[in-house]
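Subject: Structure handover

Dear colleague,

Please find the structure below. My notes on its side-chain contacts follow it.

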Amino acid sequence: MSEEFDAVVSRVRERVTPDDGERERLQGAAATVMERAREAVADLPVEAEVLQVGSTARGTWTAGDRDVDVFVAFSPDLERSELEEYGLSVGHAVLPDGHEEYAEHPYVVGEVDGYAVDLVPCYAVESARAIQSAVDRTPFHTRYLADRLDDGLAGEVRVTKQFLKGIGVYGSDLRTRGFSGYLTELLTVEYGSFRALVEAAADWQPPVTFDPEDHGTTEFDDPLVVVDPTDPDRNVAAVCSAENVARLQHYARELLSEPRTTLFEPSEPAAHDGERVAAAVQRRDTTPVAVRFDRPDIVDDQLWPQLRKSLTGLTEELDRRGFDVFRSTALATDEEGGEGETWTDGAALLVELSVFERPAVERHEGPPVHVREHASGFYDAYADDPDVTGPFIEGDRYVVERPREFRTAGAFLDSDALLDVRLGPHISSALEDGYEVLVGEDIAALADGFGVELATYFEPKP
């Protein structure tokens, strides 16, 4: 099995290692960007340093990647408004056909010689602990790893990245919540090889902690902790979900027990059409409900935390009302929009219920009778209500049986009470503008735009 493992890794390494021609083309594009940036900086009333950062600067990008990251580092004495102004000025000069995007502050993205370019302003702070903007850390990360990566270890990093891509856990965006490039590089450096990392991960007992510089000063409550070697107060793996740590462990064991190149190849299930979705609903004999609405006009890293918060709020309320949530998921089209003819910029909260309809009455317990003030208030509130059974005493408490506000989950979702659920602010606004409730087999309508996601939901894999 060891020889088979090595043979698989060797094939993958050969496939993901850029050849000389690709290296020359990428570095040529990067050199063009940096030269244009230096020329643009020369026209500014302030000085700044132009830096190539990220995997292309460290030689750890995988073959076929076409991303170039260039930072323009300004004096930390510069006002934030001036940083943004000068940064955008340089960005538009370098990428005249580019457009602005926004993280903590705006930056310009565009294309040069077929390569996607991010031109990002930052502060040239003295240390990563003195950052004024989150991106200020990036140059320190590049310098730290450049001192520790040789060609052999860079090759191990590329194999690790490809494995994480293949199993669907690569990327620190808030939709994926997986392993960033920097985290991947730190873990590979920590273990010294892809194989050593895989063998260790297969036996991890979270929480797992690494502190490469042995300088951590903060306690973290995360399944995986990698103290940033450039900032002792930061966990590089903070965004990595427990689910994705577990997924790495599962597939590490898979690879060790049955080495195969398919584990390094990203794949997704064939999209479910409406008929297959309806058949899945019939087979499971549960009642799925979905709230479908227009996708808020915000970037994914703002959208997905709000979707998850809203889904949690909705499932908790449905459970509280006795509808017994079985499983749930959030859906959203990509930032550029979806595929369907309607709701093309759509989103949905999908909740599968074990119980859809409840009795006409619900039990409501009051305080113990001996808690006189509260007990009397409860008794008086219901004593003359003709629609209520009770109050009566059960054990030491007053109890009433009152009409249930919503007998079905659908009635609740169709009501204004939905807007009282704990929702993300942009999700709440979107729902106020209008939404559609789908019940049972009607969720088949979601297949137009979310067929892959529904296939993943109804036929989940590790």
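**Aromatic and cysteine notes**

Tyrosine 191 is partly exposed, at a relative accessible area of 24% (buried is under 20%, exposed over 50%, partly exposed in between; 1.4 Å probe, protein chains only). This is a predicted model, in which local features need pLDDT of at least 70 and side-chain atom pairs count only at pLDDT 80 or more, while totals for chains, interfaces and linings use all residues. Residues are numbered from 1 along each chain as its sequence is written, and side-chain values use heavy atoms, with hydrogens and water left out.

The whole structure holds 11 aromatic pairs (Phe, Tyr or Trp rings, the six-membered one for Trp, with centres within 6.5 Å; planes under 30 degrees apart are stacked, over 60 edge-to-face, the rest tilted). One of them is tilted: phenylalanine 74 with tyrosine 86, 6.4 Å centre to centre and 35 degrees between the planes. Phenylalanine 74 is in strand β2 (residues 67–74) and tyrosine 86 in helix α4 (residues 80–94), so the pair ties together parts 12 residues apart in sequence (helices, H or I of at least four residues, and strands, E of at least two, are DSSP runs numbered from the N terminus). Phenylalanine 74 is buried at 0%, as is tyrosine 86 at 12%.

Tyrosine 191 and phenylalanine 210 pair edge-to-face, at 5.6 Å and 80 degrees. Phenylalanine 210 is buried at 10%.

Ring pairs also join Phe5, Phe163, Phe194 and Phe264 into a cluster.

There are 0 disulfides (cysteine sulfur atoms within 2.5 Å). Cysteine 122 is buried at 0% and cysteine 240 at 3%.

Regards
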